[in-house]
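Welcome! Keep the 3D view open as you read.

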Amino acid sequence: MEFAATVVILTCTYALLAAGIVILYKAGRVVNFAHGELAIVGGYVFYSSGLMAGDESLWLAIAGALAFSIVMGLVIYMTMMRRLVGEPFYVAILVTVGLGIVLKSAILVIWRAERLTIDVGVAPALRLAGGASLSYMDIVSVLLTIAFFAGLYLFFRFTRLGVQFRGTAENALLASQRGVNVNFVLSLSWVIAIMAASLSGVLYGGRAFLSTESVTIGLAGLTAALVGGLDSLRGAVAGAFIVALAQYLTVRLISPVLSEAVPFLLLLVVMSIRPWGLFGTLEEFDRV
Amino acid sequence: MKRLVLRSLFTALVLAACALSANLASAQNSYVIGYITDLSGPLADSYTPTWEGFELYIKALNDRGGIGGKKIDVVLDDDGLKADRAVAAAKKQVERDNVIGIFGLSLSSTQGPVYVEMRKAGVPVVTTFSGILDALPPAKPFSYSAGVVFEVAGEAIGELIKNIKPNGKVVGMTFDSVGGRAAISHNKRMVESLGYTWDEVIFPVTTSDFTPFAQAAVEKKPDIVVGHYGSGQNLGVIPALRRSGYTGPYVVASYGVTEDTVRQAAQRAGNDQNVYYVTRYSTVYDSNPAVAEVAAAQKKYGTSKPFSSMHLTGWALGRFVESALKACGWPCSREKLDNVIQTLKVDVSGLTGGPIEMSPQDHYGPSYWRLYVWNESAKKMEPKGDWLKKTALKFPVQ
């Protein structure tokens with residue numbers, strides 16, 4: 001029970017990160033190497049916004065993180081990514097690497113590299129067999145992740161904008177010729193991706209802590225996305241589950257020291273057998 | 001002819017400027033010392049308060065008129081927790097700033113290279129908070145520590161846990177680092193020699209979630225868990241252990257861990273009463289004149305970080321510097337300062353259990369360690385037992 005709960009919660013954190021990476025890749029063919037930094041900065045913004053009114057306010061924290069996601073998404077797309085349309089794909093990758101460095105520096109400058117924890121709903125809510133417990137935050141994190149993926153599914157499947165999004169992902173030029181506002185769709189993809197990353201950062205800050213070192217969770221998200229397939233949301237969840245399970249089993253059955261290395265080993269295996277990931281499409285891979 | 005006059009005039013001006021700068025250097029009217037630490041890297045949170053404590057002491061000392069009317073100028077450099085930056089800063093301080101000694105330093109990994117370079121330059125280096133084996137007997141020249149040597153800390157913690165439980169199983173947790181493994185190795189041998197059984201969980205430095213590691217520790221059925229790492233890991237591990245069903249004693253080894261971190265961790269773990277803290281220097285909750293003096297200075301000059309035991313550690317190093325410079329006299333050279341430090345005994349009563357005392361063979365000296373327990377209802381730490389004096393390592397370094 002304890003084992004299942006831990007793997008599910010870890011899966012949620014990684015799945016949110018992987019989903020953002022997949023959305024950005026599907027929409028604009030960008031592999032975002034700054035996703036961990038965006039997640040952790042989102043967590044920091046959540047924390048700081050909550051304190052803004054002098055008294056800790058959860059609503060203010062949520063509003064702050066949402067505002068950060070929207071503003072950051074628009075700024076990144078309009079000032080950087082929009083200009084890179086037509087450029088080789090690695091240019092955008094390099095830009096995201098640079099963005100990651102800038103965001104990490106922002107943590108140093110704005111938050112003075114302070115280690116912060118997000119102590120919302122940390123009290124035990126559910127006792128498990130063997131004395132372990134789940135906090136309200138743990139339960140909420142699972143529910144929020146389910147809600148996020150359900151919302152994405154409904155959005156892509158049943159809304160006009162979702163259809164436009166899928167069209168843009170399929171063929172941006174054709175979508176543009178059919179009257180789709182491609183810039184709006186691509187900006188939206190950044191906003192959604194950063195929103196998911198921020199949520200993941202908040203959940204991470206609740207389970208562990210936020211710091212400049214925490215940005216490495218982006219690697220777990222990227223590994224999950226690559227294992228699942230860079231263009232598959234279903235793959236993002238599957239990849240996240242596989243990475244979380246591999247980490248957990250390594251800690252418990254092999255050696256805790258190897259727990260961060262094993263997901264990468266897994267990635268190497270998947271990439272050598274099925275380079276487009278477990279749920280990715282070969283065509284997408286060939287395009288890259 | 002005119003050109004010759006101008007050229008002579010120019011040469012004379014250059015020579016005059018050189019002579020003036022030489023005079024300025026020799027007429028330096030203050031003690032110039034260097035301080036290097038991590039102010040922007042991953043452990044800035046732990047090292048900044050130590051620097052601030054040191055700075056408080058020097059400010060107060062200068063306001064009192066310095067030493068024999070000479071002020072102390074501190075050249076501060078940030079190593080960002082990188083060894084190459086620390087070495088570059090040390091060389092710069094020696095060659096350009098003309099410092100007579102270097103103090104502070106950050107993680108053990110940055111100290112080794114600085115010690116080596118400064119040995120070549122003949123500059124005494126006194127570290128605080130983290131310390132490495134170079135300072136222990138047989139000590140290497142110019143390498144001193146007034147802080148925490150992990151091997152010593154591991155043994156001290158091993159001895160102090162008898163104040164918690166006289167026997168049982170101890171599970172040590174650390175992350176995969178040189179310092180962590182050193183501490184855990186000596187902790188293990190000490191507790192085993194005292195009749196406890198031992199097991200350990202070592203996890204990677206970059207860890208996404210502490211829960212699986214905490215569960216691995218809980219599975220070993222510990223009676224006491226000891227955490228050998230910094231602030232962030234404690235914030236993650238303590239709640240994770242409690243979530244995993246472990247309610248027994250947890251010992252925080254104070255490697256830059258502040259009282260505020262313990263408070264936060266205890267709060268996150270559901271107002272935990274069973275959290276202990278082992279430190280070389282006092283906590284801010286100790287009621288004695290030495291701590292009150294630092295608190296007053298903190299109020300007067302201000303600090304960016306919450307007042308903590310790390311400030312007391314930095315303050316103790318400040319007192320060490322004052323004693324060393326006083327004994328060195330004026331003018332004080334690097335060689336003279338090194339000679340003085342080799343037999344220095346500094347009274348830091350109230351800040352730790354006894355004096356900081358160096359000898360030519362032992363550049364660390366006896367150190368004093370104390371166990372505290374977090375009292376959640378009083379929101380403070382309370383000492384559990386007296387100071388433990390550690391004079392030498394009981395077990396050889398592996």
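The notes below go through some features of this structure, topic by topic.

This is a predicted model, so every value here is computed from it. A search of the whole structure turns up one disulfide over all chains. Two strands of chain B, β10(B) and β15(B), are each largely enclosed by the rest of the structure, because five of the five residues of β10(B) are buried and nine of the nine residues of β15(B) are buried.

**The disulfide and a buried cysteine**

- Which cysteines form the disulfide? The partners are B:Cys328 and B:Cys332, with their sulfur atoms 1.9 Å apart.
- The link of B:Cys328 and B:Cys332 is right-handed, with 95 degrees about the S-S bond.
- Both B:Cys328 and B:Cys332 are buried.
- In chain A, A:Cys12 has a relative accessible area of 7%; because buried means under 20%, A:Cys12 counts as buried.

**Strand β10 of chain B**

- Strand β10 of chain B covers residues 224-228.
- In a regular strand, side chains alternate between the two faces of the sheet.
- On one side of β10(B) you will find B:Ile224, B:Val226 and B:His228, and on the other B:Val225 and B:Gly227; all are buried, and both faces are covered.
- Strand β8 (residues 169-175) of chain B runs parallel to β10(B), and five bridges join them.
- To find this pairing in the view, look for B:Gly172, whose bridge partner in β10(B) is B:Val226.
- β10(B) also runs parallel to strand β11 (residues 250-253) of chain B, joined by three bridges.
- Here B:Gly227 stands opposite B:Val252 in β11(B).
- How does the chain cross from β10(B) to β11(B), and what is the handedness of this crossover? The path goes through helix α8 (residues 231-243) of chain B, and the β-α-β crossover is right-handed.

**Strand β15 of chain B**

- Strand β15 of chain B covers residues 367-375.
- B:Ser367, B:Trp369, B:Leu371, B:Val373 and B:Asn375 point one way from β15(B), while B:Tyr368, B:Arg370, B:Tyr372 and B:Trp374 point the other way; all are buried.
- Strand β12 (residues 275-279) of chain B pairs with β15(B) in the antiparallel sense, over four bridges, and B:Tyr276 stands opposite B:Val373 in β15(B).
- Strand β17 (residues 388-390) of chain B also pairs with β15(B) in the antiparallel sense, over three bridges; B:Ser367 has B:Lys390 in β17(B) as its bridge partner.
- Strand β16 (residues 380-383) of chain B runs antiparallel to β15(B), and four bridges join them; the bridge partner of B:Tyr372 in β16(B) is B:Pro383.
- β15(B) and β16(B) form a hairpin with four residues between them, and B:Lys379 in the turn has a positive phi of about 55 degrees.

**A nonpolar patch on chain A**

- A:Phe3, A:Leu249, A:Leu253, A:Ile254 and A:Leu258 form a nonpolar patch on the surface, and together they have about 480 Å² of accessible area.
- Which helix gives the most to the nonpolar patch? Helix α10 (residues 233-254) of chain A does, with three residues.
- A:Leu249 is found in helix α10 of chain A and counts as partly exposed at 33% relative accessibility.

**Backbone details to look for**

- Most residues other than glycine have a negative phi, and most peptide bonds are trans.
- The peptide bond from B:Pro137 to B:Pro138 is cis, with omega near -5 degrees; B:Pro138 lies in the loop between β5 (130-131) and β6 (143-145) of chain B.
- Another cis peptide bond joins B:Trp330 and B:Pro331, with omega about -5 degrees; B:Pro331 is in the loop between α11 (309-328) and α12 (334-341) of chain B.
- A:Arg29 is not a glycine, yet has a positive phi of about 60 degrees. A:Arg29 sits in the loop between α1 (2-28) and α2 (35-51) of chain A, and is partly exposed at 22% relative accessibility.
- B:Asn98, also not a glycine, has a positive phi of about 60 degrees. The loop between α3 (83-95) and β3 (102-104) of chain B holds B:Asn98, which is partly exposed with a relative accessible area of 40%.

Technical notes
Residues are numbered from 1 along each chain as its sequence is written. Chains are lettered from A and ligands numbered from 1 in the order in which they are written. This is a predicted model: local features need pLDDT of at least 70, side-chain atom pairs count only at pLDDT 80 or more; totals for chains, interfaces and linings use all residues. Side-chain values use heavy atoms; hydrogens and water are left out. A disulfide is a pair of cysteine sulfur atoms within 2.5 Å. Buried means under 20% relative accessible area, exposed over 50%, partly exposed in between (1.4 Å probe, protein chains only). Patches are made of residues with over 30% relative accessible area and no salt bridge: like charges are joined within 9 Å, nonpolar side chains (Val, Leu, Ile, Met, Phe, Trp, Tyr) within 5 Å. Accessible areas come from the Shrake-Rupley method with a 1.4 Å probe; for residues, only the protein chains shown count as cover. A salt bridge is a side-chain nitrogen of Lys or Arg within 4 Å of a carboxyl oxygen of Asp or Glu. Two strands pair if DSSP finds at least two bridges between them. A crossover is right-handed if, with the strands pointing away from the viewer, the path from the first strand over the helix to the second runs clockwise.
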